[in-house]
Each structure stands twice: as C-alpha cells, then as structure tokens.
Amino acid sequence: MSCIEGKNLSKSYGSTKAVDNIALSVKSGQVFGFLGPNGAGKSTTIKLLTTLISPSEGSLTILGIDAVKHPLAVRHKIGVVLQQPSYEPTLTVEKSLEKYGMMWNVPKNECKKRMEILLQDFDLADIRKKRNEDLSIGQRRRVQVAREFMHDMELLFLDEPTVGLDPSARRKLLDFLKNKVKTGLTIFYTTHNLSEAEYLCDEIAIIDKGRILTVDSPDALKKRFGKEKTIKIHLLEKQPIVVSLLSRIPECVVDLDNGTTITIHSEQSELVLLQVLKILSENKIELEDLSAVPTNLEEIFLKVVRDNASHN
C-alpha cells in the first residue's frame, strides 16, 4: 500500500519551476530517502508533501487523503521535522516535550509516560531541567526530533535530522528510527549524508533541477551502477601534468583531488589500472599506494547528478 502518491506534481515561482512534473510513490512501512544537491527542489517537494504549499499542477494523495483539497486532514496524521531549528528558548527540555504532547491533546498520564521514554531514548534525561537556549546545537536538534514522537502519526517527514549530531548520537537516532518503522511508521527522509541513507533507507530517490532522476533501493542502485569501480592512486608528490597524461585513456573519468590523489571512475577498472600504471612508470611518477573499490552510494549519487547536468 502506498502512503504517498504524487502525479505530475509541479511548483512554479514565476517562470521558475522548482518542482518539475514529478511522479512519486512511497510504500507504507519503509524509510524513503530523498537525495539531491542544494537547490535541487528537495525543500519545495517537502513543503508540497506536508501541505505547507499547494502544487501549481498535479495531484497528491497522502495516506489516502486528497492533500490538495483536504490539507488539514493530512496534517492531523503526519509528523514534520524541518531543517530549520525550532525550539522555545525559555522552556526546559521536559517542558518542551510536555507542551508538544498537550498541543496534540495527548492525555496527561500518557503524555508523562511518553516523555520519560523519549528522554531516555534520546539521551536527554541528564539535561531535562536545562532551558533550550542553554543547549548545544546537537542537543536542541535531539529535542526537536524527540518531541515529534510525543504524538501518534502514520507518516513522518525528517529533513536533515542529524545535522549537528555527533557520530554516536547520529547512529542512535538512526537505530531508533529503524525500530519505529518496524511498528508501521513510514518515514520520508532527506539527507546529504549518503552513508546514512545507505544504512537507513529502503528506497532512495535522487532529485536534481526539480526532476526525479531515479528511484530504487540502495542495493539495486549499486547493481545498476556497480560495473563502475573507483580506483584511488596516491602519489608521493604533486604532479599537475597527471590529468593531461591520463586524459588519453578512453572511457575513464579522472579527478585529481588535491594534486597527490588520483581518483579514477571506470567500468573497465582492471584494464584502466594497467594503462595508468604504464603511463606513470613511463613518466617516472612515483606512487605511494593504490586501491580499487566497488562504487559506493556517494559515487552513484554524483554520477547520476553529473550525467543529468551533462544532458541539460
């Protein structure tokens, strides 16, 4: 069953199309990742899906409700954590959670019970009496996400929820979300952290310039683009001439990161590596080390966006 169905969705601001005729289908009970570079249309899409703005064209159904005609009915069933910080400066952590429960008409006893659980789950118990204005950026972010779970919801939108979190807090949040999905919650998740998306998401959509370029599972994306491997070669010294020397190798994209690291993307990695080593040897360019690894999700993301840019 799908909890989000968007067809021919567009949003225009004057002559600019921030979202351009996208189709979107998100199954219930999964984490759906939404990735794209800055300015790709992610934020506008989220505003459409959360009924904060109306589409210029197209239809949108959220949890079986026509979101264009009945936006308030949708808002009663979803949770939203936007990228922008949102907190009450003078309220303590526990009062923030309590207030959010009251806003959603959660019974007092249930509200207290949920608050105690969330204070533990988000490592907020030790700072429960602290005012939000006295918290670090990461602590405020944890409060912002935790309070959303004070109420019942079927669909949760999370926009860059781990910004400001340290690695330990980030992993704990991701595991918390995974467990929530097992209870039937659906999560629409945007992030710039691709290892995070790979760890958490069941499906991933990549958007650029207002258009969805591809939708698939992380494993399926790897299979589709997995023929390409990444070769990294570390040189002992900076060699600016390397790029021109290697440009003669066909079907190979070469990036010289900082003058000493050569990154090569190719579907013929073994053959390419032999040619690279031959050229470097002929030009007496010394290596420190080299490695060849399967293309990861980050490389796939960059490739999809790069290919889209080259076709426009």
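Two strands count as paired here if DSSP finds at least two bridges between them. By that rule, strand β11 (residues 229-235) and β13 pair in the antiparallel sense over six bridges. Helices (H or I, at least four residues) and strands (E, at least two) are DSSP runs, numbered from the N terminus.

A quick word on provenance: this is a predicted model, where local features need pLDDT of at least 70 and side-chain atom pairs count only at pLDDT 80 or more, while totals for chains, interfaces and linings use all residues. Residues are numbered from 1 along each chain as its sequence is written, and side-chain values use heavy atoms, with hydrogens and water left out.

**Strand β13**

- Lys229 sits opposite Ser266 in β13.
- Six of the six residues in β13 (residues 261-266) are buried, meaning under 20% relative accessible area, with exposed over 50% and partly exposed in between (1.4 Å probe, protein chains only).
- Both faces are covered: Thr261, Thr263 and His265 on one side, Ile262, Ile264 and Ser266 on the other.

**The open sheet**

- Four strands line up as β2-β1-β4-β5 in an open sheet with antiparallel pairing.
- β2 (16-27) and β5 (65-66) are the edge strands with a single partner each, so one side of each has no neighbour in the sheet.
- β4 (residues 57-62) and β5 are joined by two bridges, and Thr61 has Asp66 in β5 as its bridge partner.

**Helix α4**

- α4 (residues 108-121) has 14 residues and reaches 20 Å from first C-alpha to last, close to the 20 Å expected at 1.5 Å a residue (1.5 Å times one less than the number of residues).
- Its buried residues are Cys111, Arg114, Met115, Leu118 and Leu119.
- Cover for the buried residues includes α3 (93-103), α5 (137-148) and α6 (167-182), with contact meaning heavy atoms within 4.5 Å.
- Just past the helix, Asp123 takes a positive phi of about 55°.

**Nonpolar cores**

- A nonpolar core is a set of buried Ala, Val, Leu, Ile, Met, Phe, Trp, Tyr and Cys residues joined through side-chain atoms within 4.5 Å.
- The largest has 44 residues, and Phe122, Leu124 and Tyr189 are among those with the most contacts inside it.
- α6 gives this core its largest share, six residues.
- A second, separate core of 25 residues includes Val19, Val26, Ile46 and Ile62.
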